[in-house]
Amino acid sequence: MGKAGSGISNFIDKLTGMKPEETEELSSRMKGVCAYEYYHSGQRFILVDTPGLNNGELLQGAAFRAMATWLKDMYATHRQNTAEGAIGITGVIYTQSIKDDSVSPADVRSVELLRDLCGDEAADRVRLVTTMWDVVNESEAIEVEDSLRTHWQSLVNAGACPERFDNTPERAWIIVEGLENTKKTLLLQEELNEGTRLEDTSAGRHLRPEEWAAQSGQAEGWFERWIWKPCLNMWSRIAN
């Protein structure tokens, strides 16, 4: 996950070498959750691309609801279908362009949302990945990186790790494999499983009331088309 334009989808493209699936129901990765099953060094990975935060095509509430729906359905599906109970998340990769030399209020709120989506217990599963190192002056980028580390301090203190991505498959896999095989349940998944309304979760409280209200007014048909149906289709592919 990350800010729109920060290289979320490109990171997955470098991992898999695949371009996004295009279907009638999900023609834009900007609008919904897109999951990829991929095998690397004999190990199976499910890589999940999410709508960009602060993206001009989606309200923040809509992007967050898309992620929350996928996480909740994954948690519930695996509780029902596996003897071990709910599947955990191996990692959450948050992308931030190193070309952005300032931190906006929206960026601050996105990081706060990320922190409360994961919770302190799963913060060590977070990788704070700065992208686009291949197109910047490194000495200038290091100054931006230092500023971002200050911005991320609460997450880093809880166990999150900053990483650099130079737009190569090799570096992308170093970041992913560095997570190893430790799996955890995110705080948001636990809260939703306990019956907490999305708006009342620790992460959901970072969104303003008007964002929820505006999204509710716009999104009944949108949500079914771009989020709910793709989630069902994706789970059908994984189950098979």
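1. Glutamate 121 is exposed, because its relative accessible area is 61% and exposed means over 50%. The model in which this residue is seen is a predicted one. Glutamate 121 forms a salt bridge with lysine 184, and the closest N and O atoms of the pair are 3.9 Å apart.

2. Lysine 184 has another partner to note. It also forms a salt bridge with aspartate 124, where the closest N and O atoms are 3.0 Å apart. This pair too links distant parts of the chain: aspartate 124 is in the loop between H3 and S4, lysine 184 is in the loop between H6 and H7, and 60 residues separate them. Aspartate 124 has a relative accessibility of 24% and therefore counts as partly exposed. Taken together, Glu121, Asp124, Arg125 and Lys184 are linked in a network of salt bridges.

3. A further salt bridge joins the side chains of arginine 115 and aspartate 116, at 3.7 Å from N to O.

4. Next, the overall layout. The protein has 9 helices and 5 strands. Read from the N terminus, its elements follow the order α-β-β-α-β-α-β-α-α-β-α-α-α-α. The protein has 240 residues, of which 47% count as buried. Among contacts between residues at least 6 apart in sequence, 73% join residues that are at least 24 apart.

5. Helix H1 (residues 8-16) packs with H6 at an angle of about 100°, and their axes are 8 Å apart. The two helices are therefore roughly perpendicular to each other, because angles of 65 to 115 degrees fall in that class. On the H1 side, the contact is made by Phe11, Lys14 and Leu15. On the H6 side, the residues in contact are Pro169, Ala172, Trp173, Ile175 and Val176.

6. The last point concerns asparagine 137. Where does asparagine 137 lie? It is in the loop between strand S4 (126-131) and helix H4 (138-151). Asparagine 137 counts as partly exposed because its relative accessibility is 42%. Its side chain makes a polar contact with the side chain of serine 139, at 2.5 Å. The side chain of asparagine 137 also reaches the backbone nitrogen of glutamate 140, at 3.1 Å. In sequence, asparagine 137 and lysine 99 are 38 residues apart; in space, C-alpha to C-alpha, they are 9.5 Å apart.

Definitions and conventions
Residues numbered from 1 in each chain as written. Predicted model: local features only at pLDDT ≥ 70, side-chain atom pairs only at ≥ 80, totals over all residues. Heavy atoms only, no water. Helix = DSSP H or I, 4+ residues; strand = E, 2+ residues; numbered from the N terminus. Buried < 20%, exposed > 50% of the residue type's maximum accessible area, 1.4 Å probe, protein only. Polar contact = N/O pair within 3.5 Å; in protein donor to acceptor, adjacent residues only side chain to side chain. Contact = heavy atoms within 4.5 Å. Salt bridge = Lys/Arg side-chain N within 4 Å of Asp/Glu carboxyl O. Axes fitted to C-alpha atoms, helices over the stretch in contact; angles between N-to-C directions. Parallel < 35°, antiparallel > 145°, perpendicular 65-115°, else oblique.
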